[in-house]
Amino acid sequence: MWGLLLALAAFAPAVGRGLGAPSSSVPGLAPPATTGAPNSTSALPGSRAPPPAGKNNGELSRRTPLRRSAVPTPHTSQQHVRIRIIKKKRVIIKKRKKLTSSSSLVTARPPVTLDLPQKQEPGCPPLGLESLRVSDNQFEASSSQSLGLGPHRGRLNIQSGLEDGDLYDGAWCAEEQDAEPWLQVDARHPIRFSGIVTQGRNSIWRYDWVTSYKVQFSNDSRTWWGSRNRSSGMDAVFPANSDPETPVLNLLPEPQVARFIRLLPQTWLQGGAPCLRAEILACPVSDPSGLFPEMPAPASSNLLDFRHHNYKAMRKLMKDVNEQCPNITRVYSIGKSYQGLKLYVMEMSDNPGEHELGEPEVRYVAGMHGNEALGRELLLLLMQFLCHEFLRGDPRVTRLLTETRIHLLPSMNPDGYETAFRRGSELVGWAEGRWTQQGIDLNHNFADLNTPLWEAEDDGLIPDTVPNHHLPLPTYYTLPNATVAPETRAVIEWMERIPFVLSANLHGGELVVSYPFDMTRTPWAARELTPTPDDAVFRWLSTVYAGTNWAMQDPDRRPCHNQDFSLYGNIINGADWHTVPGSMNDFSYLHTNCFEITVELSCDKFPHETELPQEWENNKEALLTYLEQVRMGIAGVVRDKDTELGIADAVIAVDGLNHDVTTAWGGDYWRLLTPGDYMVTASAEGYHSVTRSCRVTFEEGPVPCNFHLTKTPKQRLRELLAAGAKVPPDLRRRLERLRGQKD
């Protein structure tokens, strides 16, 4: 049994921490009603009694600092409250499950109830810690354990690298000997602070989180006042986290207008350190005096619907666009999610619903991970923009819709999105809503075609015995009990039904474009450069998007989390980043003709709707320019020389590239290529192959490269015999010569 002894020193009323009146130089920045009021040391509302003996996994460390006052008050004394916990020595194995349970507190004063609003809903938008609108030099702290745990790392949802102790740790952490730790943010102008969202430290090796904190404000970073409890007038102590990842929202009892805000950890996990990640909620205020420069609000020149849309709102918006532009749009469903929500697609073309000979098919897919919401909204904005600009007669958009058939799937995982949407942009965290309702990560759920391809290459079977394209689905993947999400099956059938040429898969949480292969060729390698035969094309496509994305091209932007992709032009081979078996990109390349990349759109997976106008401006040009890349390379029709009919499933092979494409049902094809001279061969079953030279230039538009194939004598004989016709004399003589050659 453990013995627990709490020795509490007698104490006199504590003196405030120099809580002076705020500056009155800016209108509306009046001080609180009282200053220099005693600090309160409180337990969190609803905190439990100390746990039974032997159950200390949830106990917390609390430092009770020596109180200081800038102006001592008469008849008061400064007391240091000491807490000693005496335990028997015993080896304790800490289990992760118990560490994340709710913790009991050791407090030095009777509990004081915090008057918080009954319904905790953020009223003001985020200041921009997570989205990087708040720069690193706007942070300050009392101390930091290292540069990688500096104040600039105290951003909501920031992710650490695999190793602790580098420059990219997962939180701000104060030094262990820091008696009064604090994290400070400078808003750079007066603003109305209304709430705080906190998380603990992101790390696979340590558990650190703050369990309660106070908040202070200032206009000059020297004189501070605290957030007060409405009923008692004492400093409010806010409940914080009980695990490292779940965001916890606290609204201030009264919003405060100030320039600076400080978070002062009061208690934290025992054995850990005061570490936190945060987002600050704040509304702009007017400044009639003009003493502070006005903050530019995110804006767009396009009058579009800049808000987050749940399933019902998304369906209504797509219906509205279709009604506004009925001649160039069509809304259709490719299947249903596990919970029965339809996977809606917006088709945009001058002849919707019809594949026109020679017109390439392009797709954008978003929402594969339900909590990565920006891609969903960008596609909804894109369909509105294309409709509006087509009606205005914009020549660029008109050409795009006339020469291309565009398909927009804004939500591949609608079940996951609904989960994330209900939590809200600041409270959804890093992973909630990522998976489907069945708990499946869709970006690992496609068939692994890389392994059979590479095994066949190692055995020398490519391309004579095993094709280097359109690899079939493995048998295990087609079984009824295979772990394949209905969303995945729907997308595969969609891919097989439409001859897509180009695609992009929109994700969030980083600022980088990745390209296939996503899976490492060396088994079990965590990362390894694994290019496709079309590496030059994929690097071109990735560079086009990254090079026209405003955020990626910002020379002053900082890395999102733990890698600086700007050093590599904001593009990376997917497998060289981290291996992803069963990715949609690899599957699309190996099972169909379609070349697909992944675009990580923003550091913030679920940006606040006030940031959507700027995100649209960041990506608008890139979205349009990428669609236009379907014109690069060669295109043409493979026809029967006698009938002039198109030949379906003819194979287009390019010398030097170990990856072929095939023709659509009308005989038309598109082969993405970078500028250069190529020897191209068209072949089909029952026909003589034809090879010709095709030159790809830097001029816009695909280079025409058509083929006419002649049937082999055997094929002509089969067709005549099948039709019951008489064999022509010339064909009979040719067959006899062939038999003589064999003899």
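Where is serine 221 found? In this predicted model, serine 221 is found in the loop between strand 5 (210-218) and strand 6 (224-226).

Most residues other than glycine have a negative phi, and most peptide bonds are trans. Against that background, the phi of serine 221 is near 70°, a positive value in a residue other than glycine, and the residue is partly exposed, with a relative accessible area of 29%. Arginine 188, which is not a glycine either, has a positive phi of about 75°; arginine 188 is found in strand 4 (residues 183-199) and is partly exposed, with a relative accessible area of 41%.

Two cis peptide bonds can also be described. One runs from isoleucine 462 to proline 463, with omega near 0°, and proline 463 has its place in the loop between helix 6 (450-458) and helix 7 (475-478). Another cis bond, again with omega near 0°, leads from proline 516 to phenylalanine 517, and phenylalanine 517 lies in the loop between strand 15 (512-515) and helix 9 (535-548).

## Disulfides

The count of disulfides comes to 5, and with bonded cysteines counted along the chain they follow the pattern 1-4, 2-3, 5-6, 7-8, 9-10. Cysteine 173 and cysteine 275 form one of these disulfides, with their sulfur atoms 1.9 Å apart. The torsion about their S-S bond is about 120°, so the disulfide of cysteine 173 and cysteine 275 is right-handed. Because cysteine 173 lies in strand 3 (residues 172-173) and cysteine 275 in strand 9 (residues 275-284), the pair ties together parts that are 102 residues apart in sequence. Both cysteine 173 and cysteine 275 are buried.

A disulfide also joins cysteine 325 to cysteine 387, at an S to S distance of 1.8 Å, and this disulfide is right-handed because the torsion about the S-S bond of cysteine 325 and cysteine 387 is about 85°. Cysteine 325 lies in the loop between helix 2 (311-324) and strand 10 (329-336), and cysteine 387 lies in helix 3 (residues 374-392), so the pair ties together parts that are 62 residues apart in sequence. Cysteine 325 and cysteine 387 are both buried. In a further disulfide, the sulfur atoms of cysteine 694 and cysteine 705 are 1.8 Å apart. Since cysteine 694 lies in strand 23 (residues 690-696) and cysteine 705 in the loop between strand 24 (703-704) and strand 25 (707-709), this pair ties together parts that are 11 residues apart in sequence; cysteine 694 is buried, and so is cysteine 705.

## The largest pocket

The largest pocket has a volume of about 1,400 Å³. Of the 45 residues that line the largest pocket, Gln159, Trp430, Asn562, Trp577 and His578 are the closest to its centre. Helix 10 (574-577) and strand 17 (595-600) each supply at least two residues of this lining. By class, the lining of the largest pocket has 12 nonpolar, 20 polar and 13 charged residues.

## Helix 13 and a buried cysteine

In helix 13 (residues 713-723), the residues Pro713, Gln715 and Leu717 are buried. Just after helix 13 comes glycine 724, which takes a positive phi of about 75°. Elsewhere in the chain, cysteine 594 is buried, with a relative accessible area of 0%.

Methods
Residues numbered from 1 in each chain as written. Predicted model: local features only at pLDDT ≥ 70, side-chain atom pairs only at ≥ 80, totals over all residues. Heavy atoms only, no water. Disulfide = S-S within 2.5 Å. Helix = DSSP H or I, 4+ residues; strand = E, 2+ residues; numbered from the N terminus. Buried < 20%, exposed > 50% of the residue type's maximum accessible area, 1.4 Å probe, protein only. 1 Å grid on protein atoms, 1.4 Å probe; cavity = no way out; pocket = protein on both sides within 12 Å on 5 of 7 lines; lining within 4 Å. Points joined across faces, edges and corners; volume = space filled by probe spheres on them. Nonpolar A, V, L, I, M, F, W, Y, C, P; charged D, E, K, R; others polar.
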